[in-house]
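Here is a short report on how the parts of this chain are arranged and joined. It starts with the annotated region and then turns to the contacts.

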Amino acid sequence: MLEVIKPGVQMCIQDLGRHGHRHLGVSQSGAMDPMALQIANLLLDNPPNTAVLEITVGLAQLKFTTATNFALTGGDLSARLDDTPLTPGWRYFSKPDQILSFASSSEALRAYLSVEGGFSLKAALDSHSTDIQAGFGGINGSALAAGDQLHYESCIEKSSAGALQPPYHKKIRILPGPHCERLSLTTQQLLCTQQWQVSPDSNRMGMRLSGSELVTHQVSINSQAVLPGTIQLPPNGAPIVLLNDCQTTGGYPMVAQVIAADLRHFAQLSAGDSISFTLVTPAQAYQEIQRQQYHLNQLRIALTHRDRSNS
């Protein structure tokens with residue numbers, strides 16, 4: 001069992017998200033960094049969609065009450081198992097009663113923790129992800145609190161193993177949006193000619209950006225479907241990048257779409273961070289998501305060969 005001693009700023013259960021329900025107004029949710037989630041599960045030979053803990057900011061403590069192998073991925077939040085420093089991208093073993101703690105970092109925002117075999121959870125709408133806004137999924141539909149307990153099966157120790165995590169970037173690749181002509185400007189002119197700063201009022205629903213040259217407007221559109229990665233431009237000219245917990249429809253002009261492969265970078269962006277945008281083609285966007293899948297496939301093959309060699 002894993003016991004939450006200190007949950008930090010926001011610790012929640014996430015898998016790859018809740019898909020196929022947006023027409024009912026149900027958000028996707030899911031891990032902000034799906035690559036980190038899948039790498040954590042590969043290190044433990046778990047199914048790719050096994051639910052993990054998403055730790056935001058850090059400042060958290062967890063207690064393993066039974067032995068298990070676990071994996072840490074995502075950003076480096078200076079994790080320690082008792083007094084031993086841990087490195088993201090590695091598989092470790094915990095004996096009963098060991099304490100896993102996270103500090104914080106100015107360079108990272110989110111880390112992911114998976115245990116071998118996964119946690120024992122009930123699915124809601126085909127997913128274990130916590131939809132904090134709607135209040136369902138995970139445990140009671142909310143972020144974890146001190147005293148919460150997550151059950152898992154105890155297991156014997158595996159040798160430590162590591163995996164290369166793709167780096168995080170602050171240059172985000174986008175596709176043109178459908179409403180730029182309503183603003184008499186191109187996506188390039190609206191988003192790609194300046195640096196943008198992440199605003200403090202950002203969360204898992206969306207990242208608000210500020211810049212030196214905002215294009216204010218009075219253009220409105222009929223509400224229509226949006227999805228994670230859609231970049232809306234409100235009348236004040238400050239773009240909003242919709243993220244995993246975003247609503248399913250929106251009425252602001254959509255000026256761009258972040259390519260799927262780059263959405264993971266938003267998992268590590270904090271208030272005050274600077275980012276920039278660059279346009280790519282749909283073919284390039286497809287190549288990048290394929291490149292990520294190749295990385296996961298290569299890792300799966302390498303880990304399988306390694307574990308069989310050691311058994």
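## Annotated region

An unreviewed UniProt entry places the feature "domain: Carboxyltransferase" at residues 23-294. UniProt positions follow the numbering used here, feature names are shortened, and annotations may be inferred rather than shown by experiment. Over residues 23-294 the chain is 10% helix and 28% strand. The end C-alpha atoms of that stretch are 31 Å apart. Helices (H or I, at least four residues) and strands (E, at least two) are DSSP runs, numbered from the N terminus.

The model is predicted: local features need pLDDT of at least 70, side-chain atom pairs count only at pLDDT 80 or more, and totals for chains, interfaces and linings use all residues. Residues are numbered from 1 along each chain as its sequence is written, and side-chain values use heavy atoms, with hydrogens and water left out.

## Two domains

The domain assignment gives domain 1 (2-162) and domain 2 (171-280). Such bounds come from an automatic or database assignment. The C-alpha centres of domain 1 and domain 2 lie 28 Å apart.

## The interface

Contact (heavy atoms within 4.5 Å) links 22 residues of domain 1 with 18 residues of domain 2. The two domains bury about 1600 Å² between them, 44% of it on carbon and sulfur atoms. Buried area is the accessible area (1.4 Å probe) that two parts lose on being put together, summed over both.

Two salt bridges cross the interface of domain 1 and domain 2. The rule asks for a side-chain nitrogen of Lys or Arg within 4 Å of a carboxyl oxygen of Asp or Glu. On the domain 1 side, the elements giving two or more residues are strand S2 (10-14), helix H1 (34-43) and strand S10 (110-115).

## Salt bridges

The rule counts 11 salt bridges. Arg204 and Glu54 pair at 2.7 Å, N to O. Asp33 and Arg264 pair at 3.3 Å, N to O. Asp33 lies in the loop between S2 and H1, and Arg264 in the loop between strand S20 (254-258) and strand S21 (274-279), so the pair ties together parts that are 231 residues apart in sequence.
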